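Here is a short tour of a protein model with some stops along the way. Keep the sequence and the picture open as you read.

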Amino acid sequence: MSGPIDGDPRPAHAPARSFAERAARESYGRLLAVLAAPTHDLAGAEDALADAFERALTRWPGDGVPRDPDGWLLTVARNRQRDRWRSAAARTSVPFDDAVHDVVAPDGTVPPLRDRRLELLLVCAHPEINRSVHAALMLNTVLGYTAGQIGHAFAIPGGTMAARLVRAKRRIRERELPFAIPGVDELPTRIAPVLEAIYAAYSIEWPRVDRAHRALLLGLGEVLTEVAPDSAEAHGLVAVMALSSARLPARTDGHGRFVPLPEQDPARWDPDLISRAHEHLRSAHRLGEVGRFQLEAAISAVHCARPPGRAPDWLTLRPLHEALQAVAPTLGGAVAVSAVVAEIDGPAAGLARLDGVVGAERFQPAWVTRAHLLDRLGRGGEAAAAFDKAITLTVDPAERRHLQERLAAVDRS
Amino acid sequence: MRYALLINNAEPAPGEIPAQAIDEMKAAIRAYTDALQAAGVLVAAEILASPTATQTVTRRDGDLRVQEGPFAETREALAGVFVLDVADHDAAMAWAEKLPATQYAVVEVRRSVLSCVDGVWSD
């Protein structure tokens, strides 16, 4: 092995193995981004980094942990990369480009480590990469999760996930997709697909995703706010994911039955996640740029501010929902506006609003809202028919049971 | 109304899919069938053996002919079928969208025009 390995190791009794393992967790994405950026070769950088970690595990217990473990790992990995390029150059006569491949300064020192994880995130969400793999690729490269772990969290076979990741990495290398941070003006539009990818992966509702899945993506969101602290929407995204995760424990009762948001017991919401969300919302607010995720988070925060047994603050919710529809119109958002209007102006006004929603015929939440409003208007027969339709479109067993109970309670006289 | 969800995919090579991946997909399908069962819409589900372990039978040209293997020359072949009894086409689509096999296969949604239930044909 060559390269400037730290000559002043710590005492040999340092817990080298656990230290290397912690370094692996904390530094993985940081180091991978630095290694892959000049070459676009993620898979090659992963191999080199894996070699470096393996070497650390054999060397550190005897030699002691170096003073700059990240620098040590990076240097070993770079040497490994260089060995491969040199042998490739010898075999194929491809000119070896020192400017690209040799990043150790002429005096033999390692330049300070620049955090290139934002570039890595941007490459993972590049339009040339299939959208369905964006978030998985970020989890794999930035946080170092294996295809098996990600596949498990996404309820996709590990082998399928591995194949998708390999294809995506090959594409980054073949197309030489840039590891670059755009100018300040362009940054929000470039970060947008990163946010979308994380949120889309977070919002997958079938096959039923577990808490581990949400925790992974929440962690990825936290990394994003670390590397792009001036992106108000990144803070908004973490806030909305944290608030929705905070309410998960209250979403079903002790018998596994679905509990709709207005009937949930606030005591079962996670206060730590709620306060974390509020910190991110404050950070976003300081940046003074309102966007879709902040509005969704604000709506969620108003719901989470409801005292036990009390209705949420509908008057505050209405302008937030309307602003959200103006910024990022969705079918779900349009139905939500109808529901809020019904709470403020009465069920007839809500129903009129719902009638104007285009494309709601096959949309399960629209039928649930319609059934609920018809029931409140005393139109029992129509309410029952709408509940029936909502039930046929429901694929979640807990929610189905809830709707069947609601249907049974409808007064059809 | 009865609908068939027809799963079409390429036959994987032996050993191509790791055992763990197969177990994970089995668990996903199990959860899906549990949800179908809970909804009371599952009539039957069959996962079919490889197209290479297939015989074809025809009397189309007058004589009985039995042959080894399928005629289809497409790479993808029918690999499984779910039969659902649901209220309407929208409901069939809602379930088809959630079928775990959509991750590796193309799923056709087709309505049954005639069904034989308990030995009686009806439309």
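Is A:Ala153 buried or exposed? A:Ala153 is buried, since its relative accessible area is 5%. (Buried means under 20% relative accessible area, exposed means over 50%, and partly exposed is in between, using a 1.4 Å probe and protein chains only.)

## Before we dig in

This is a predicted model, so local features need pLDDT of at least 70 and side-chain atom pairs count only at pLDDT 80 or more, while totals for chains, interfaces and linings use all residues. Residues are numbered from 1 along each chain as its sequence is written, chains are lettered from A and ligands numbered from 1 in the order in which they are written, and side-chain values use heavy atoms, with hydrogens and water left out.

## Chain A as a whole

Chain A has 19 helices and zero strands. (Helices are DSSP runs of H or I with at least four residues, strands are runs of E with at least two, and both are numbered from the N terminus.) Of the 413 residues in chain A, 49% are buried. Its accessible surface comes to about 19,300 Å², with 53% belonging to carbon and sulfur atoms; such areas come from the Shrake-Rupley method with a 1.4 Å probe, and for residues only the protein chains shown count as cover.

The chain is divided into domain 1 (13-96) and domain 2 (323-413), with bounds that come from an automatic or database domain assignment. The C-alpha centres of these two domains of chain A lie 56 Å apart. Now look at contacts, meaning heavy atoms within 4.5 Å. Among those in chain A with a separation of 6 or more, 66% are between residues 24 or more positions apart.

## Two spots inside chain A

Back to A:Ala153, which sits in helix α7 (residues 147-154) of chain A. From A:Ala153 to A:Ala334 is 181 residues in sequence and 30 Å in space, C-alpha to C-alpha.

Next, find A:Glu46 in helix α2 (residues 42-63) of chain A. A:Glu46 is buried too, with a relative accessible area of 14%. Its side chain makes a polar contact of 2.7 Å with the side chain of A:Lys169. (A polar contact is a pair of N or O atoms within 3.5 Å; within protein, one must be able to donate a hydrogen and the other to accept it, and residues adjacent in sequence count only if both atoms are side-chain atoms.) Leaving aside neighbours within four places in sequence, the residues touching A:Glu46 include A:Tyr28, A:Leu32 and A:Asn140.

## Where chain B meets chain A

Here 19 residues of chain B are in contact with 18 residues of chain A. The area buried between them is about 1,700 Å², and carbon and sulfur atoms give 59% of it. (Buried area is the accessible area, with a 1.4 Å probe, that two parts lose on being put together, summed over both.)

There are three salt bridges between chain B and chain A, a salt bridge being a side-chain nitrogen of Lys or Arg within 4 Å of a carboxyl oxygen of Asp or Glu. One joins the side chains of B:Glu97 and A:Arg362 (2.6 Å, N to O).

## A close-up of B:Asp88

B:Asp88 is in the loop between β5 (76-85) and α2 of chain B. B:Asp88 is buried, at a relative accessible area of 19%. What does its side chain make a polar contact with? The partner is the side chain of A:Lys389, at 2.6 Å. Within chain B, the backbone nitrogen of B:Ala91 lies 2.9 Å from a polar atom of the B:Asp88 side chain.
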